[in-house]
Amino acid sequence: MSAPPHGPRYQRIESAGQSLDADDSHQSLTQIGIYGDVTVQSGDVVGQKIINQAQPPTVFDLLRPYFVPDALYNSAQRSSEYAATCQPETRCKILHDISMWADDPTGPRICWLSGRAGTGKTTIAHTIADKYDSEGRLAATFFLWRSTGDRDEIRKVVPTIAFQIAEKSHLAKEGMERALLKESSLSERLSQLSRLDYQLSKLLIHAPDWLVGHSLVIIDGLDESVSPERVEDLVKRLCQMNLPLRFLLVSRPEDYIKSALADVWNHGDILLRLTVEESRDDVRHIIVTGFLPIWQHQIEAKGQQIWPIEQDITGLVEKSQGLM
């Protein structure tokens, strides 16, 4: 490795072994970013991180170690996993109910969408994200998925949300940078960024004027996190803090999530509870729509036996139990 630059423009940071997480001393900082013409890196060797004082780090530099691009609803990774929107003419009522909530600026700031596995919660969340993104009204998304590394790490949810908001709003970006740069040193900022209360207070309270009409945040798959305790902490804090954002939280109806919502369970001004139910009608619609080209071919072939018949479709619907 070449020798680091010296001189009055640079300041040596002596905490190269600083951990991203205060309670995980084995996780060392990775590359933090590029400041001016200097790449700031970290490892286990003290004294290797150099910062150009003439160009302080941006919020993107500081958040990049916590940013999870694969967790965005429209990421290439999720596309490769066949993430999709709802089929036309399916899930109409629940999509309408969520849209009514999201479109009402005076309504509850949190909507919890719950349902058992297989009811299509993630597809519904993806559909809402796609709709509001296409209308320019989506602030950010984070779609968790178990056993995929960073995508099941709850500590990276808020920084990833903040990163997206900062990309869309220069005012929000400047506000975050002012809040973060109040700390006395780069190492202090980085160590504090692992704390949820610090993340929320420094990153998600800025640019309220821009957030009017752009305030929808979707966090899907809370039950996919490896840490139920951290999920409970996040949900509790979102309920307690009056942030300039609207949160659509999506998960299975786990007890620890219900516990996190207990204090606001009956507070209609804070929480809207929606449930995704099984739908045999929607399953039937999807099956019939899928078979239409086959039936059309059979009709055009003339004399060819029509298959599947109604009895077959009914059997498939019953076997599905209304699950997608």
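## Terms and basis

Ala, Val, Leu, Ile, Met, Phe, Trp, Tyr, Cys and Pro are classed as nonpolar, Asp, Glu, Lys and Arg as charged, and the others, Gly among them, as polar. By this scheme, the lining of the second largest pocket comprises ten nonpolar, five polar and six charged residues.

The model is predicted: local features need pLDDT of at least 70, side-chain atom pairs count only at pLDDT 80 or more, and totals for chains, interfaces and linings use all residues. Residues are numbered from 1 along each chain as its sequence is written, and side-chain values use heavy atoms, with hydrogens and water left out.

## The largest pocket

The lining of the largest pocket has nine nonpolar, nine polar and eight charged residues. Helix α4 gives the most to this lining, with four residues. Helices (H or I, at least four residues) and strands (E, at least two) are DSSP runs, numbered from the N terminus.

## Threonine 127

Threonine 127 belongs to helix α4, which covers residues 121-134. At 15% relative accessibility, threonine 127 is counted as buried, a term that means under 20% relative accessible area, with a 1.4 Å probe and protein chains only.

The side chain of threonine 127 reaches the backbone nitrogen of cysteine 86 at 2.7 Å. With neighbours within four places in sequence left aside, threonine 127 is in contact (heavy atoms within 4.5 Å) with Thr85, Cys86 and Leu95.

Technical notes
Buried < 20%, exposed > 50% of the residue type's maximum accessible area, 1.4 Å probe, protein only. Polar contact = N/O pair within 3.5 Å; in protein donor to acceptor, adjacent residues only side chain to side chain.
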